[in-house]
Amino acid sequence: VDAYELGAKTKFVAPLPGTFNIALFYNELNDQQIQTGFQSSAGAAPPTTGILNAGKSTIAGVEVESTLWLLDDLTLDLGYTFLDTEIKSLHVPPVIPGALYDIRVATSTEGDPMPMSPRHKLSATTTYRLPVSEEYGRIFVGSTYTYTAKQQTASSEDEFGTIDAFELLNLNFNWKTIARSPFDLSLFVTNALNEKYENF
């Protein structure tokens, strides 16, 4: 892989104190590993999958992160990622004569985006420190919202090869140094709104 990246990390104090980081990146991959299906035309073995160095692709995008201190005890973390990926070429190596698996099918297609690479991903996390005495420890409650755009898991020629966009809400509770002891307590809820989505 040939990787190029340009970015900046900043801090500011007005109108709210916080940080802002940005990165632009571009990658070119050669002999990329591609998930490939293996089948036996004679039915001598069950179908299976494996990895082959079979392709070239590009990945370009931007990643932005920011933290804002809204109040002394309240922070907001924001993140956004944009991806533009493309499989430039595929070359599945020829089958060795007499091989048990004599059919090879790449699970991607030239011109497709790379599998599991959503074009957009957004997250927002709020964390609030409860106003309790240090004698009891430090107690934080928080929530995280994430949005993931649709993404391909297989070739665009596969009607089941796309995961629709979905949104998730996670909640958490953290109690640090309970009553000035060396113990912490963490509780969390993943997918608090019981969102149904496909996961490959």
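# A guided tour, starting at the surface

Start by selecting Leu6, Phe20, Ile22 and Leu24, which make a nonpolar surface patch of about 350 Å². Such a patch is built from residues with over 30% relative accessible area and no salt bridge, with nonpolar side chains (Val, Leu, Ile, Met, Phe, Trp, Tyr) joined within 5 Å. Accessible areas come from the Shrake-Rupley method with a 1.4 Å probe, and for residues only the protein chains shown count as cover. Strand S2 gives the patch its largest share, 3 residues. Now pick out Phe20, which is found in strand S2; at 35% relative accessibility Phe20 counts as partly exposed. (Buried is under 20% relative accessible area, exposed is over 50%, and partly exposed lies in between. Strands are DSSP runs of E, at least two residues, numbered from the N terminus.)

Before going on, please note that this is a predicted model, in which local features need pLDDT of at least 70, side-chain atom pairs count only at pLDDT 80 or more, and totals for chains, interfaces and linings use all residues. Residues are numbered from 1 along each chain as its sequence is written, and side-chain values use heavy atoms, with hydrogens and water left out.

**Next stop: the cores.** Select Phe25, Leu29, Ile59, Leu83, Ile87 and Met114, the 6 residues of the largest nonpolar core. Strand S2 (18-39) and strand S4 (74-90) are the elements that give two or more residues to this core. A nonpolar core here is a set of buried Ala, Val, Leu, Ile, Met, Phe, Trp, Tyr and Cys residues joined through side-chain atoms within 4.5 Å. A second, separate core has 5 residues, among them Ile34, Leu52, Ala54 and Ala106. In soluble globular proteins, nonpolar side chains tend to be buried together.

Zoom in on Leu83. Leaving aside residues up to four places away in sequence, its contacts include Phe25, Ile59 and Arg119; contact means heavy atoms within 4.5 Å.

Arg119 lies in the loop between strand S5 (103-106) and strand S6 (120-129) and Asp84 in strand S4, so the pair ties together parts that are 35 residues apart in sequence. How many salt bridges are there by this rule? The count is 3, where a salt bridge is a side-chain nitrogen of Lys or Arg within 4 Å of a carboxyl oxygen of Asp or Glu. Another joins Lys88 and Glu86, at 3.1 Å between the closest N and O atoms. Then select Arg129 and Glu134, where that distance is 2.5 Å.

**Backbone stops.** Go to Ala14 and Pro15, joined by a cis peptide bond with omega about -5°. Pro15 sits in the loop between strand S1 (2-12) and S2. Arg180, in the loop between strand S10 (166-176) and S11, has a positive phi near 60°. Arg180 is exposed, at 64% relative accessibility. Most residues other than glycine have a negative phi, and most peptide bonds are trans.

Select Asn191 and Asn194. Is Asn191 buried or exposed? Asn191 is buried, at 18% relative accessible area, whereas Asn194 is exposed, at 54%. Asn194 also has a positive phi, about 55°. A polar atom of the Asn191 side chain lies 2.8 Å from the backbone nitrogen of Glu195. Finally, show what Asn191 touches beyond four places in sequence: Leu168, Leu169, Asn170 and Tyr197.

Notes. Buried means under 20% relative accessible area, exposed over 50%, partly exposed in between (1.4 Å probe, protein chains only). A polar contact is a pair of N or O atoms within 3.5 Å; within protein, one must be able to donate a hydrogen and the other to accept it, and residues adjacent in sequence count only if both atoms are side-chain atoms. Helices (H or I, at least four residues) and strands (E, at least two) are DSSP runs, numbered from the N terminus. Patches are made of residues with over 30% relative accessible area and no salt bridge: like charges are joined within 9 Å, nonpolar side chains (Val, Leu, Ile, Met, Phe, Trp, Tyr) within 5 Å.
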